[in-house]
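Hi there,

Here is the structure I promised to pass on to you. Have a look at it first, and then read on for what I found in it.

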Amino acid sequence: MNLIDNICSEFTKRFGNQFILIEAPGRVNLIGEHTDYNDGFVLPAAIDKAIWLALNLNNENRVRLFSVDMNEEYEIELSTSLNKSGKGWPDYILGVVDQLQKHGMETTGFDCVFGGNVPIGAGLSSSAALESGVLYGLAERNGWEISLMKMAQIAQKAENEFVGVQCGIMDQFASLNGKAAHALKLDCRTLDYEAVPLQDPDFKIVLCDTGVRRELAGSEYNIRRQQCEKGVSIIQETHPKVKKLRDVTLKVLKDHKDKMEPVVFDRCLFVIEENNRVLDACEDLEQNDIDAFGEKMFLSHDGLKNKYEVSCKELDVLVDIARDVDGVIGSRMMGGGFGGCTINLVRTGSVESFKDIIQKSYKAETGLDTEVYVTAISDGTRLVDKPKEESFKVLEI
Ligand code: GLA
């Protein structure tokens with residue numbers, strides 16, 4: 001049975017055959033790492049790896065959940081103050097419900113069965129996809145008119161306040177707003193965005209998974225955020241109008257170098273350079289100069305490794321191998337860091353040899369296997385057709 005049939009069948013078995021089916025994609029980020037929470041620019045895109053959720057409201061005051069991938073269920077009474085589940089995955093859903101309550105949008109109880117093919121903890125935002133999918137489904141069933149951008153803000157807050165990761169808005173934004181064949185240039189301050197065409201038969205987006213997992217909540221992410229805020233507070237003493245690193249030029253930062261701990265200076269330097277890189281890289285795309293774009297991906301990786309210090313040995317190995325492979329346009333670590341995937345732009349004719357070389361060399365250098373995914377850019381979170389009822393009713397017997 002395929003995954004979607006399995007989800008529908010599980011829902012039917014547990015809660016009846018009335019439900020909607022939602023597809024919520026994971027995301028890649030072409031360039032612009034750790035810039036979102038500094039009010040800067042990012043360039044993400046939704047991908048053809050997703051979480052599918054079967055969902056319906058129930059007449060009981062209970063939330064009943066089942067994760068097909070974990071083969072685990074979770075059930076809770078909807079009360080005014082929700083607490084963490086102690087299990088991990090239900091918190092992304094409870095966090096959304098908690099935020100809805102805080103926004104005065106009370107939902108009745110609901111049932112949800114979900115599963116997906118976004119590798120967990122691989123930097124492809126499976127958690128944002130889950131939050132986005134559940135929120136989208138609840139809005140749909142409750143008849144709430146919430147814009148996709150508002151949904152992204154609510155889902156981000158769910159993660160900030162309930163899960164406890166101080167993430168920016170990029171992942172939830174991309175999962176909800178994605179547009180096939182386009183990357184999204186988002187201004188994380190104004191939340192204005194532009195869809196930039198990014199489909200070219202000449203190259204492919206290839207992801208290489210280190211296999212290394214480290215949760216963002218492992219505190220390093222929050223520490224980076226604090227270091228950026230520290231830099232801003234020092235600059236504010238002489239430039240009170242500065243609110244975030246977005247407002248700081250390289251010159252102003254350098255003028256304050258002596259007042260900062262070196263580590264704070266390096267963090268700020270990376271963010272300001274990376275933010276400038278996003279803008280320049282978008283111009284490269286406009287000029288159809290994909291090689292210049294790729295160069296900036298390598299520079300982004302160098303900064304993440306040396307100045308922001310969120311890379312790890314395995315990510316560096318993957319990027320270093322990629323650098324020397326014919327047909328690789330650009331390569332860098334992606335997402336929060338410390339594990340997960342690299343994103344690579346590879347000329348179409350070289351994808352197969354790239355796969356082969358990277359798998360062999362990575363194994364030789366680290367003893368680990370790398371999973372390689374050639375991805376396509378997809379639309380954002382949406383309702384999808386259920387498979388024909390017969391296809392899962394039969395299997396239910
Ligand atoms: C994680 C966060 C995002 C963003 C990236 C780094 O994916 O969820 O908000 O900060 O890290 O660019």
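Buried area here is the accessible area, taken with a 1.4 Å probe, that two parts lose on being put together, summed over both. Please keep in mind that this is a predicted model.

Let me start with the overall layout. The chain is divided into domain 1 (3-199 + 379-390) and domain 2 (203-375), and their C-alpha centres lie 25 Å apart. By the definition above, domain 1 and domain 2 bury about 3,500 Å² between them, with 65% of that on carbon and sulfur atoms. On the side of domain 1, Ile31, His34 and Tyr37 supply 20% of the area buried against domain 2, more than any other three residues. Counted by contacts, 36 residues of domain 1 touch 46 residues of domain 2.

Now to the ligand, which I expect you will want to look at. There are 13 residues around the ligand, and Glu33, His34, Asp36, Asp171 and Tyr221 come nearest. Both domains take part: domain 1 and domain 2 each give at least three residues to the shell. By class, that shell has five nonpolar, four polar and four charged residues.

- Asp36: an N or O atom of the side chain is 2.5 Å from an oxygen atom of the ligand.
- His34: a backbone N or O atom lies 2.6 Å from a ligand oxygen.
- Gly336: here too a backbone N or O atom is involved, 3.3 Å from an oxygen of the ligand.

Taken alone, the ligand exposes 300 Å², and the protein buries 97% of that.

Finally, a word on confidence. The average pLDDT of the chain is 94, and 96% of the residues score at least 70. Over residues 391-397, however, the pLDDT is below 50, and this stretch has 11 contacts in the model beyond near neighbours in sequence. Where pLDDT is low, the predicted coordinates should not be read in detail.

Best wishes

Definitions and conventions:
Residues are numbered from 1 along each chain as its sequence is written. This is a predicted model: local features need pLDDT of at least 70, side-chain atom pairs count only at pLDDT 80 or more; totals for chains, interfaces and linings use all residues. Side-chain values use heavy atoms; hydrogens and water are left out. A residue is near a molecule or strand if one of its heavy atoms lies within 4 Å of it. A polar contact is a pair of N or O atoms within 3.5 Å; within protein, one must be able to donate a hydrogen and the other to accept it, and residues adjacent in sequence count only if both atoms are side-chain atoms. Accessible areas come from the Shrake-Rupley method with a 1.4 Å probe; for residues, only the protein chains shown count as cover. Ala, Val, Leu, Ile, Met, Phe, Trp, Tyr, Cys and Pro count as nonpolar, Asp, Glu, Lys and Arg as charged, and the others, Gly among them, as polar. Domain bounds come from an automatic or database domain assignment. pLDDT is the predictor's confidence in each residue, from 0 to 100. Contact means heavy atoms within 4.5 Å.
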